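Welcome! Take a moment to look over the sequence and the model, and then let us walk through them together.

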Amino acid sequence: MKNAIIMLGVVLLSGSITAQIKLNPKNIDAVIKEMTIEEKANMLVGYSFGKSYWGLPTNPDPNAGAIVLGAAGNTAKNDRFGIPHTVFADGPAGVHISAERPNDQKKYYCSGFPIGTLLASTWDTGLMNEIGSTFGSEVKEYGVDVILGPGMNLMRNPLCGRNFEYYSEDPFVSGLIAAAIINGIQSRGVGVSAKHFAANNQEGNRTHNNVIASQRVLRELYLKGFEIMVKKSQPWTIMSSYNYINGVYTQESEDLLTTILRDEWGFKNLVLTDWTNTRNTAAQVHAGNDLLTPGNAEQIKQITDGLKNGSISMADVDRNLKRVLEYIVKTPRFNGYKFSNSPNLKAHAEIIRKAAPQGMVLLKNEGNVLPLVSSVKKAALFGHTSYHLYAGGSGSGDVNKPYVVDLVEGLKNAGIRIDDTLNTVYSKYRDYAHHEAESEMGAFSSSSYFPRPRVKEPQMGIFTYTNAAERNEFAIVTVGRSSGEGNDRAFEDFNINVDELDMLKQTYEAFHKKGKKVIVILNVGGVIETAPIQKYSDAILLAWQPGMEAGNSIVDVLTGKTAPSGKLTMTWPEALADVPSTKNFPNGLTWRDEIFVKQDEINKMPNLGETRYDEGLDVGYRYFQTAGKKTAYPFGFGMNYTQFEYANASVKGKNGVYTASVTVKNVGKYGSREAVQLYITAPKGKLVKPVYELKAFGKTKELQPGESQKIDMTFTNYDLASYDESEQAFITDKGVYVAHFAASADDIRQNVEFKAVAQTVKCHDVLKLQP
């Protein structure tokens, strides 16, 4: 009896000790050992507090869900081990949370940053680090632990509906820009989730689309940017994409999530799924998808049952759980950070206003129309977008901003008056167009998630244009486009439409008869047709979608307060048919189809069930420069208010690391900055390669007239390699290479030869094409 009492005391004491274990960075293994099967399963599944239409979390739970209202999801909590919920929020262009909260008069607005495409067009990693740090402070002050971004997929085709979130058609631009932004965000003690890993390069049928691509194409293009980013920034998390690659869901691909990501690249942190419903839970867990998001009870049960019946191994679960807990102990929420819910939006707005012009691209400036002379004070604004600028795209990349400065306000702030008659006309038309758009959207009109239908330009008589030309000193015509998550752009969204062409033509002719100039603003998220715009304009400014200070940033460029120094990170073709991937890209599927058409029927549609990357490496400038194909604007193109000369180019190498240097001098009349691009031509070898490929870039400080700066750019022997499937290795050929110091892919300023030694980096034979 005495022994039994002693044993009972030991058991109770043991239970008491176990109950006192609280998670900390040093006892993660001990906590895992003490967890029950049910507790482990719960921690591997996200906790979204319910979902609304399209699977987006709404956090209706008045207690748990109020952690951050409108956040995309959370990790589960465990009170026994002192583990709190942590919070994930959408928003590559800002923190995507609800602006309003129940029984609270305060508005929780978030800064609307420029879209990813504009940020990349700065070619400025230092500025991107600063933007990231600003963004990260806002993430932290709103009680968010991880921002679901940046988006890093390549712009395989101009029609991808989500290109505005992405950086480039080139993996070196994508990887280096992303790493700079990530390092800035994570310097604030919060994390990112780099996405969508991998080959999620179209929105059409994105949850079921099967990408068919060769190992070389995947390794050199669609994985390379992620590889560069991982090695230079180690993001807290990476998000696995929805799609298949060569017949295997990425979320269930051990090849992708373990062999390549962890074993080859050295990724140490958490992998979570893109927001989807239950799939093959056992396969996801085994592949190395540590956290299933947004999460549901069915997945928890499947993990629990799988552990009990042996279909899921405890080793896999414990491995994934360790990564989840290693993430949690880094978070501000776990470490008790007292977030303010009041980030400094005013200071952030100033940074956004100053940064946006650095990524705007001057496409035309005939007769040096820009910058505007200070005496010009009266403008006629055409195009409904002039009066309602797009700050960003829709979907999870949208932000609940406190305001968006339109072009009217931006011009007014610079002392330029606008035509009141046109303002009245467009104001009335805007009300009508808004009603029409709501009618077309139907029951979905109250949702900001879906892209709005394109609004046609109003048809105005010739006297409207001629009278405006009489009253005003110059004209601004804004051409706008918006797209978003969930569906791709249609061909007509790329082309200039009849109503837009009429507006451009009539404005140009009326103002030119009076000897006055026409400036076109492109307020777009992606590439569009430009031949008609070139014909009917004196200057073209590609403003992209520049965030909530849009009007101020655009006018700062127009007036010369800031010189535009952006350059294109994608090729602008003359026609969609010129892009090799267009023949294997979906067209015509709408978000309504995605909702109401049966999945089996969608899978049978061209390039939706299966998309073959038959163009191989012929993506963007790699194709256009190698084939000698004419473009509207080449990759890397961007005019300036001044001119630059390149001199004293050199390449020096040591131990497989090369430094390419060039001196850039401002030989014009305005102070500005220059983005220098380094393209490399490889010696002829076993593999067919593009004529040259970007391997590094750099940007000067603001150089005053006559001022020079030496730019140093580094790259490695490994960066020169191509993927040889017969060797399953990245091979750097021995021989003489040529470094091209360029202002664009079509404007090479200096060439330097250098020698490289042979190098072979073996890889695993994975992600194979299915027979």
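## Around Arg216

Setting aside neighbours within four places in sequence, Arg216 is in contact (heavy atoms within 4.5 Å) with Leu617, Leu687, Val688, Lys689, Ser722, Tyr723 and Glu725. Arg216 sits in helix H7, residues 215-222; helices are DSSP runs (H or I) of at least four residues, and strands (E) of at least two, numbered from the N terminus. With a relative accessible area of 13%, Arg216 is buried, which means under 20%, while exposed means over 50% and partly exposed lies in between (1.4 Å probe, protein chains only).

## About the model

This is a predicted model, in which local features need pLDDT of at least 70 and side-chain atom pairs count only at pLDDT 80 or more, while totals for chains, interfaces and linings use all residues. Residues are numbered from 1 along each chain as its sequence is written, and side-chain values use heavy atoms, leaving out hydrogens and water.

The average pLDDT (the predictor's confidence in each residue, from 0 to 100) is 92, and 92% of the residues score at least 70. Over residues 1-18 the pLDDT stays under 50, and the model has two contacts beyond four places in sequence for them. Where pLDDT is low, the predicted coordinates should not be read in detail.

## The whole protein

The protein has 23 helices and 26 strands. Of its 771 residues, 62% count as buried. Its C-alpha atoms fill a box of roughly 110 × 70 × 50 Å along the principal axes.
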